[in-house]
Amino acid sequence: MTAKRIILGISGASGATYGTKALELLRQSKVETHLVVSKSGYITLQQELGMTAEDVKKLADHHYAPGDIAAKISSGSFHTDGMLVAPCSMKALAEIATGLTAGLLPRAADVILKERRKLVLMVRETPLTQVHIQNMLTVTQMGGIIAPPVPAFYNNPQSLDDIVTHSVGRALELFGLEVKGIKRWQGL
């Protein structure tokens with residue numbers, strides 16, 4: 001496999017724009033995308049962005065139904081460079097941390113972990129409970145990366161899109177991708 005191939009999961013947490021921005025940036029980087037959106041994720045996409053299921057599916061190269069546990073992304077024999085869940089709800093985090101793979105999104109993440117590929121979770125919740133923190137620790141101990149979308153202000157963002165782009169770009173850089181337009185701290 002020569003071209004990069006990333007699975008993108010969109011859960012029902014607030015922040016659906018992180019998922020759609022990831023699809024946009026991955027397309028610009030010529031990365032093949034495999035999209036799975038949870039049932040709650042589709043509700044959040046509609047509520048926050050006015051997007052239908054068909055709208056978001058058009059942004060990906062391939063897409064799968066949330067209950068399609070026979071999809072190719074549910075198998076370790078389907079090679080990918082990893083998976084980004086943006087945003088990642090506490091429900092999705094808990095399913096991943098406990099290996100509960102009733103739906104395709106947590107199953108795909110489970111496969112990524114068992115195959116020792118890169119899993120990046122843009123977790124979205126505040127405040128955090130002890131259970132949330134424990135689940136983040138568990139996923140980290142299994143090799144996943146917890147990357148909450150925390151805004152950076154050193155780059156003087158001029159819009160909400162600047163903030164979202166920076167957060168998603170930094171998450172995508174964890175996959176070794178060069179994301180154009182991401183301002184990095186240069187020191188004083």
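Which residue forms a salt bridge with E173? Here is a colleague's walk through the model, with that pair in point 4.

1. **What you are looking at.** This is a predicted model, in which local features need pLDDT of at least 70 and side-chain atom pairs count only at pLDDT 80 or more, while totals for chains, interfaces and linings use all residues. Residues are numbered from 1 along each chain as its sequence is written, and side-chain values use heavy atoms, with hydrogens and water left out.

2. **The sheet.** Six strands form an open sheet in the order β3-β2-β1-β4-β5-β6, with parallel pairing. At the edges sit β3 (62-64) and β6 (145-146), each of which pairs on one side only. Strands here are DSSP runs of E with at least two residues, helices are runs of H or I with at least four residues, and both are numbered from the N terminus. Two strands count as paired if DSSP finds at least two bridges between them. As a reminder, strands of a sheet pair through backbone hydrogen bonds, either parallel or antiparallel.

3. **Strand β1.** Take a look at β1 (residues 5-10), which pairs with β2 (residues 32-37) in the parallel sense over six bridges. I6 has T33 as its bridge partner in β2, and I10 has V37. Six of the six residues of β1 are buried, so this strand is largely enclosed by the rest of the structure. Buried means under 20% relative accessible area, exposed means over 50%, and partly exposed is in between (1.4 Å probe, protein chains only). R5, I7 and G9 point one way from β1, while I6, L8 and I10 point the other way.

4. Helix α7 (residues 160-173) has 14 residues and reaches 20 Å from its first C-alpha to its last, close to the 20 Å expected at 1.5 Å a residue; the expected span is 1.5 Å times one less than the number of residues. Of its 14 residues, 10 are buried, including I163, V164 and L172. These buried residues pack against α1 (16-28), β4 (82-88) and β5 (118-123), where contact means heavy atoms within 4.5 Å. Back to the opening question: E173 forms a salt bridge with R184, and their closest N and O atoms are 2.3 Å apart. E173 lies in helix α7 and R184 in the segment after α7, so the pair ties together parts that are 11 residues apart in sequence. E173 is buried, with a relative accessible area of 17%, whereas R184 is partly exposed at 41%.

5. **Other salt bridges.** The whole structure holds nine salt bridges, each defined as a side-chain nitrogen of Lys or Arg within 4 Å of a carboxyl oxygen of Asp or Glu. In one of them, the side chains of D161 and K21 meet at 2.8 Å, N to O. D161 lies in helix α7 and K21 in helix α1, so this pair ties together parts that are 140 residues apart in sequence. D161 is partly exposed, at 42% relative accessibility, and K21 is buried at 6%. Another salt bridge joins E115 and K114 (2.7 Å, N to O). Both ends are partly exposed, E115 at 33% relative accessibility and K114 at 43%.

6. **Backbone details to check by eye.** A cis peptide bond joins A86 and P87, with omega about -5 degrees, and P87 lies in strand β4. The peptide bond from T126 to P127 is also cis, with omega near -10 degrees; P127 is in the loop between β5 and α6 (130-141). K30 has a positive phi near 60 degrees although it is a residue other than glycine. You will find K30 in the loop between α1 and β2, exposed at 70% relative accessibility. R116, also not a glycine, has a positive phi of about 60 degrees. R116 is in the loop between α5 (104-114) and β5, and is exposed with a relative accessible area of 70%.

7. T52 is found in the loop between α2 (39-49) and α3 (53-57). At 38% relative accessibility, T52 counts as partly exposed.
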